[in-house]
Amino acid sequence: MGCGPIAPPSSALIGCRDCYVRRGGAAAMAAAAAAAGPARRRRPEREEAAEPPPSPTGSPKCSGTGPGLARRLLGFELRDLTRWQRFVRLLHRPQDPAALGAFRAAFGLLMALDVPQERGLGHLDQRYLDGLEVCRFPLLPFLAPLPLDWMYLLYTVMFLGALGIMLGCCYRLSCVAFLCPYWYLLLLDKTSWNNHSYLYGLLGFQLALLGADRYGSVDGLFRPRKRNAHVPLWNYALLRAQVGVPAPGPPRDPPPGPPREGGTGGGFGVRMRRGTGGGFGVRMRNVTPSRRKVREVMGWGWGGADAEEGSVARLVLSEELTSRLVVHGGGLVLDLSAGFLLFFDATRPLALVFVTYFHCMNSQLFSIGMFSYTMLATNGLFCRPEWPRGLVARCPPRLQAWLPSTKPPQPSPDCHYGGRRARGGLRPRQHLAAAFTILYVLEQLFLPYSHFITQGYNNWTNGLYGYSWDMMVHSRFHQHVKITYRDGLTGEVGYLKPGAFTQSRRWRDHADMLKQYSACLSRLLPRYNISQPQIYFDVWVSINERFQQRLVDPRVDLVRAPWSPWTPTPWLLPLLVDLSPWRQRLQELEAQLDGHTDTVFIADFPGLHLENFVSEDLGNTSLRVLRGQVLVELVEQQQNHSLQEGEAMQLPAGQYHKVHTVSPEPSCYMYLYVNTTALELEQKLTRLRELRERVRNGTEQSPLPPELRPLLGEPLPAGAPLDPLVSLFLRREQRQQRRERQSSPAQRLRRFLRRKFFLFRRSALMTLIALRNLALGRPSPERLAQEVAFASWRGEEEEAQPEADGGAQRGPEL
C-alpha cells in the first residue's frame, strides 16, 4: 500500500504528513517553516526523547525499511495516543481541504432541494393553516408554530442558508441561518422525526464548526488567507465518525417471513357515536419494501407482465429469499462492515462500489428524500482528500479558470506543522478542539444505546428508542384504534374518529404522544359542550407478525394518567412475548386459507374484552379459540357463548359482539371472514371476462345486450345507459394495460421532472405571496384565493387526466 499525495497510507481517519511532502506539498511546508523563522534549539521534553528527529512536516520520516504496522494500517503510531499532547498534534495534522469543500457544496445543494420536499415548503399552508384546531406534538412543550406568513419567511431563511453553505458565501452566517430554522422545525413536530432528518441537523452543526469554506467557496475569493488553506485532521475525523455511527445494528427481533403488502383486510368496523373508528382488518403499510419494489430492483420486471416466470433472477432466488438475503441480510452485513471497509485503502474501492449500489437501491425502494444522495456525497470524505483537484485538473483549461484551484494548499494557523515553539506550539483552541472531538464522538456512540434508560422492551414501548439511530428493526400493523371520551359532569360516553384534530398517525405507537394527544383533546372538546372530558384509548397492534394485542390499557383516563420519560409508563400493557413462538403457527394457518378468506389473530389480557362489529359485507364470519377461554356476548340477541381451546362459532353479520377473556392467562383466538360483497363483485367481473372471450372466439351464440357492447371496444348505442359494472371492468383493464406497458426511461424522467417542477413552482410562488403579505399586507380573500389557485396549478395535462381515465362516466371506485 503506497503513500498518496495527501491521504493516509491506509486510513480514512488520519493523514500521513511525510507522504504529502514527497508528493508536492514540500514547497508549502517549507514556506511555513520559513515564515516561522529559525526555531530556538531547546532540549526535548522527556516524553519526546524517544521520538526520531522530526521531518520538515513534523512527523517521523518514512525510512527505507518502511513504516511500522500501525502506521501502515492506521496512518499513525500507537504512541500518538499515549499522551494528550501527541493526540492533539495528531488531530491537527494538515489535510487538504478539497474533499471537505466538495462535501460542503453537495450538502448545501441537497439541503436546498430538500426544503420544498421533505421539510414541507411545498405544502406548508396545509400543515400550518392559521386558526386551524390541530393537536401538535412538539418535543419541547412550549414550542408552537408561527403564523403562516412568518413560517414561510422562516423557510426562506433556511433555504437561503442552505444556498450559502453550498456556495461558501458568508459561511458561518449561512450555517446559522440554516440550522436555527431547521432544528426549530424538527423539534416542533415529533411525528416527522426520522433518522436522516436528525442526521442532516448533526451534519449541518458539524459543518458550522469546520473549515469547509477553504476550498471552492465565495468567501475564499475575498479572504486570501482562507483560500485553499489546510484544515486540521479532526475536521475529517469528526465527519467520518458521524457517518459511521448511524449504521443500524442487527435487528433485535427480525420478522420471520417476507414483508407483507400494504392494503385492506377484512373490513371489520366499529360503529361509534359522534364519529367513526378504525376496525379490525385495516392494515397499515409496512416499513419494509413491497414485493413489487423488490421485483423492480432485482430485475424481475424485465419482459412485461410475465417477467416473474421468465426472469433469470427468479430461477435463482424466490421473492422470500430475495427479501431475506438481499434486502435485509445484505443490508445488515453492509451496515455492519461498511465503516471498516471504507477505513482502509485496500478495501475502500470495493466498499465504495457496494455502498453506492446500496444507496441507489434504497432510493428506489423507499421514499426517503435526499438521504440516499446525501450518503453518496459522504463517500468522498473517505477517499483521498485531494481527489477533487484531480477532477478539476482533467477539465479544459478555459473551464479551470472558473473552478477551484489545483495548486497545493497553503499553510493554516489552525494546523500543527511540527516544532515546539512559535508555530509548533499547541494553543488552547487546539486543545479545546481535540476535547470537543472526543466528547462528541463518545456522545454519538452512547446515544444509539441510550434507550436502556426507559424500562421494558423498547421495540414495543418506544421510549427513547423511538428517537435512536436504530431503524427498520420491526414492522407494525394497526387494525383497531378506538378513542372514547366521557363527560366528567354528565357521564355521557362518545367516540372520536382516530386522528381527529391531527394530521399524523404516529401518536398510536408512542406513550408520550398519546399523553400529548389526550391533553390536547381535553382542551378542545369543551368547545363542543363536553365538560371535563376523560379520554380513553384502545390501540391494537401487531409487531413482527405476532398476535394483534392491546398497547394501552383502555380503562385508564390518559388526561390524568402519569407519564415521565425516566420512569416506566404504568398504563402501557406489556408485549406478550410468551406468545412469540406462535408466529410460525400463525403463518401455517394463513397458508391454509383460500384466496377469498382472510384472518385476524387476536391475543387479549384476562379481565378485558374486545367489542367489535361484523359488517354486513362479511356474511361468513367465525371465531375460533386457539388458547385459553373466552365468553362471546352477542349484544342484540342477549346471548353468551363460552368457548374453550379449539372450539369455534359463527358470528351474525350486522351486529355487535363482545369477546371476554375469562381464563387466568391471556386468550388467543382468530377471526375467519369472507368479504361476500367483494367476492360477488369479482365473480361478476370474471363472468364478464368469460363472456367477452366467448363472443370473440365465436362460441357465444346470443348477441350482446346494448349496455355490454363496450366490452368489445364498440361505442355505446345512443340512449343506452352505461352499466356501472362494465365501466368498472373497463377501467380495471385499462389500469392493467398501463401497468403491463413498459415506460421508457425518457418517459419516466419526464414525469419525474414534471412533478418536481410543479412542486418547486408552488413552493416559490407561495413563498412570494407570503413575503408580499408581510411587507404590504394581505389582499382581499378573493384575490388571495386566486393567487393560491394559480400557485397550485399543475398544468393542462394534469387537469385533463381524469377525463382521459373515464371522466364523468366513472363509477364508484372500490
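Are Trp507 and Tyr517 buried or exposed?

1. In this predicted model, Trp507 is buried, and Tyr517 is likewise buried. For Tyr517 the relative accessible area comes to 0%, and because buried means under 20% relative accessible area, the assignment of Tyr517 follows from that value.

2. The structure holds 20 aromatic pairs, and one of them is formed by Trp507 and Tyr517, whose rings are tilted, with 4.7 Å from centre to centre and 50° between the planes. Since Trp507 lies in the loop between β8 (493–496) and α21 (511–524), while Tyr517 belongs to helix α21, the pair ties together parts that are ten residues apart in sequence.

3. Tyr517 also forms an aromatic pair with Phe537, again tilted, at 5.9 Å centre to centre and with 35° between the planes. This pair links distant parts of the chain, given that Tyr517 sits in helix α21 and Phe537 in strand β9 (residues 534–543), 20 residues apart. Phe537 counts as buried, its relative accessibility being 1%.

4. Elsewhere among the aromatic residues, one cluster is made up of Phe103, Phe107, Phe178 and Tyr182.

5. Turning to charge, the surface carries a patch of positive charge in which Arg748, Arg751, Arg755 and Arg794 gather. Arg751 is placed in helix α25, which covers residues 745–776, and Arg751 is partly exposed, with a relative accessible area of 38%.

Key: Residues are numbered from 1 along each chain as its sequence is written. This is a predicted model: local features need pLDDT of at least 70, side-chain atom pairs count only at pLDDT 80 or more; totals for chains, interfaces and linings use all residues. Side-chain values use heavy atoms; hydrogens and water are left out. Patches are made of residues with over 30% relative accessible area and no salt bridge: like charges are joined within 9 Å, nonpolar side chains (Val, Leu, Ile, Met, Phe, Trp, Tyr) within 5 Å. Accessible areas come from the Shrake-Rupley method with a 1.4 Å probe; for residues, only the protein chains shown count as cover. A salt bridge is a side-chain nitrogen of Lys or Arg within 4 Å of a carboxyl oxygen of Asp or Glu. Lys and Arg count as positive and Asp and Glu as negative; His and the chain ends are not counted. The place of a charge is taken as NZ of Lys, CZ of Arg, CG of Asp or CD of Glu. Helices (H or I, at least four residues) and strands (E, at least two) are DSSP runs, numbered from the N terminus. Buried means under 20% relative accessible area, exposed over 50%, partly exposed in between (1.4 Å probe, protein chains only). Rings of Phe, Tyr and Trp (its six-membered ring) pair if their centres lie within 6.5 Å; planes under 30 degrees apart count as stacked, over 60 as edge-to-face and the rest as tilted.
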